[in-house]
Amino acid sequence: MNLKVGDILRKLMALGTLATINQRLDTDTAILLANEFGFEAKLSSLYEEEDIKEDSAQDDKANLQPRSPIVTIMGHVDHGKTSLLDAIRHSNVIAGEAGGITQHIGAYRVKTSTGEITFLDTPGHEAFTAMRSRGAQATDIVILVVSAADGVMPQTIEAINHAKAANVPIIVAVNKIDLPTANPERIRQEISNYGLLPEEWGGDTIMVDISAKQKLNIDSLLELVQLKAEMMELKANPNKNAEGIVIEAKLDMRRGAVATVLVQSGTLHVGDNLVVGTTYGKVRAMIDEYGKRFDKAIPSVPVEILGLNETPQAGDKFIVLDHESQVREIANARKEKAKADALRPKQHVSLMDLNAGKAKHLKIVLKTDVQGSLGALCDALERMSNSEINLEIIHKGAGSITESDVVLAAASDALIVGFNIRPDATVEKLAENEGVSINVYRIIYDLIADIKAAMEGLLDPDTQEKITGKAVVKQVFKLSSAGTVAGCTVTEGKAQRNVKVRLLRDNVIIFEGNTSAIKRFKDDVKEVEKGYECGISLENFSDIKVSDVMEFFTVEKIARKLVSEN
């Protein structure tokens, strides 16, 4: 502010505050004092979120080292997800689960003959997508478990769509091949209908026939996971402050807040200060899935940590910073922002946004009453895609709109479109909370017409130029008050102040922009008709010469109609 200390102390005294040169002022007094001297002051954090993002983005390729893959097992209930993990770990995970159904997200590090793999055992695709909706892309590869006896089920299809929406490669494990009713070829046929073509059929989807119960072909599956990971060239920098995400969290009566975190880059040490979403703390202890304590965790390693001030949420990102004051201040600032955001309604893409041209990619979750109308609508909608607007049906199905559909739409920023069905009150409430738009129809024509209108709103309009007038420069004046002024004669149409103008010299465009003034004699005017003389000055341009031509024009935007390219 370039002020003398004496002036500041006198001003403080006038405001009723007696202060010394080395005394701290509270925020309100400091802002008021700045205002008294004609400065506008605002409160700013010493540790900005942008600085953290910049630090986390600065990973030199030379520092990157290979890391082990992170794999999520997904599939229909009872198709053997946990049994497969049990077979891989050679331990009895499933015995601790109520009724054999997974109760929580677990993270397990498994040593194989070809290296280490981190497995995330999720209770379902909703949890996988709910984490992704929080910006946490934790998975490198999805293993989709399909029962060779039961075939593709509704949850299998949902798992495929959730994995595709996250853009994660899928390896299909055809389980229960030891059962007499097993038919692996039928599974390949059914799976191929959902865009997963087996490698043996010329596609790029790896499919392995296994039996989790009999431990058949488990090693082959793990080798193929490692092979896929090698092709993906997964790397991270271990020599920096750790970053990663929370897999699960709970409040333990004895140990306090306990979080299972997955380190994605850097190395996490005991004693590190970290901020996790709106919580913070110092790592007091690190424990693996077998209860063993250790001092550091490298990328792709899941670990249970103690020492956070509160329980974070699954999917929260964590980052290690150097000072405890940093993590505390950032966590508190995020908490305040979260409170403000909670009061503000969430809003994902809607048909009104699309009509306003705010997106170029239209994602839809499509649900209908029966399979017949689903097929007809899919065909009609997919034909509407073109090179400018991409319409993608990320999930489709016959049946009611479910909470899973809302979670997927929220994570993918998609619309939910329903035909001949209504969402129940629970789903409507969730959609409202998540800001997801649900559009239901009873007439197919209305549904297609609305989507078509929305897509037309996305198209960039055509522009058409219209010449409104021309003027020839007869003389050029240099004035101290107005700069360069061109004395012109209007030869066609009108010279207008509120339209665009270009300056032509020997039919070459020298300038294109706006006029700063048009005068008739000494008066400012908006327009001058053909045959009259006037003085014209151009905005931020003075290189005007006799015989130059000024061309006045307007640009009109013309709405375009959707033309299918299929």
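Reader: In which loop is the place of E233?
Author: Helices are DSSP runs of H or I with at least four residues, strands are E runs of at least two, and both are numbered from the N terminus. On that scheme, E233 sits in the loop between α8 (218–232) and β8 (235–236).

Reader: What pLDDT do local features need in this model?
Author: Residues are numbered from 1 along each chain as its sequence is written, and side-chain values use heavy atoms, with hydrogens and water left out. The model is predicted: totals for chains, interfaces and linings use all residues, side-chain atom pairs count only at pLDDT 80 or more, and local features need pLDDT of at least 70.

Reader: Is E233 buried or exposed?
Author: E233 is not a glycine, yet its phi is positive, about 50°. Buried is under 20% relative accessible area, exposed is over 50%, and partly exposed lies in between (1.4 Å probe, protein chains only). E233 has 60% relative accessibility, so it counts as exposed.

Reader: And how does K176 count by relative accessibility?
Author: K176 lies in the loop between β6 (170–175) and α7 (184–192). K176 also has a positive phi, about 65°, without being a glycine. Its relative accessibility is 23%, so K176 counts as partly exposed.

Reader: What share of the residues in the protein chain is buried?
Author: The chain holds 14 helices and 29 strands. Contact means heavy atoms within 4.5 Å. Of the chain's contacts with a separation of 6 or more, 71% involve residues 24 or more positions apart. Among its 566 residues, the buried share is 45%.

Reader: What is the strand order of the barrel?
Author: Strands pair if DSSP finds at least two bridges between them. Six strands close up here with antiparallel pairing. Neighbours in this sheet are turned by 45° against each other on average, direction ignored. The barrel order is β9-β10-β15-β13-β12-β16.

Reader: Which residue is the bridge partner of A259 in β15?
Author: On one side, nine bridges join β9 (residues 243–252) to β10 in the antiparallel sense, and A249 stands opposite A259. On the other, β10 meets β15 (residues 302–308) over six antiparallel bridges. There, the partner of A259 is I305.

Reader: How many residues lie between β9 and β10 in their hairpin?
Author: In this antiparallel pair, V246 bridges to V261 of β10. The two strands form a hairpin, and the residues between them number three.

Reader: What is the relative accessible area of V258?
Author: V258 belongs to β10 (residues 256–265), where eight of ten residues are buried. Beyond its neighbours within four places in sequence, V258 is in contact with E248, A249, K250, D252, E304, I305 and L306. Its C-alpha atom is 7.5 Å from that of L308, 50 residues away along the chain. V258 counts as buried because its relative accessible area is 2%.

Reader: What is the strand order of the open sheet?
Author: The edge strands, each pairing on one side only, are β18 (390–398) and β20 (438–441). From one strand to the next, the twist averages 25°. Four strands pair in parallel, in the order β18-β17-β19-β20.

Reader: Which residue in β18 does V365 stand opposite?
Author: β17 (residues 361–368) and β18 pair in parallel over eight bridges. In β18, the residue opposite V365 is H395.

Reader: Are α6 and α12 roughly parallel or antiparallel?
Author: Axes are lines fitted to C-alpha atoms, for helices over the stretch in contact, and angles run from 0 to 180 degrees between N-to-C directions. Helices α6 (residues 154–165) and α12 (residues 403–412) pack at about 10°, with axes 11 Å apart. Angles under 35 degrees count as roughly parallel, over 145 as roughly antiparallel, 65 to 115 as roughly perpendicular and the rest as oblique. The two helices, α6 and α12, are therefore roughly parallel.

Reader: Which residues of α12 make the contact with α6?
Author: From α6 come E158, H162 and A165. The α12 side supplies S404, L408 and S412.

Reader: What distance separates the end C-alpha atoms of α11?
Author: Helix α11 covers residues 371–382, with S373, L374, L377, C378, A380 and L381 buried. The expected span is 1.5 Å times one less than the number of residues. For twelve residues that gives 16 Å, which agrees with the end C-alpha separation of 16 Å.
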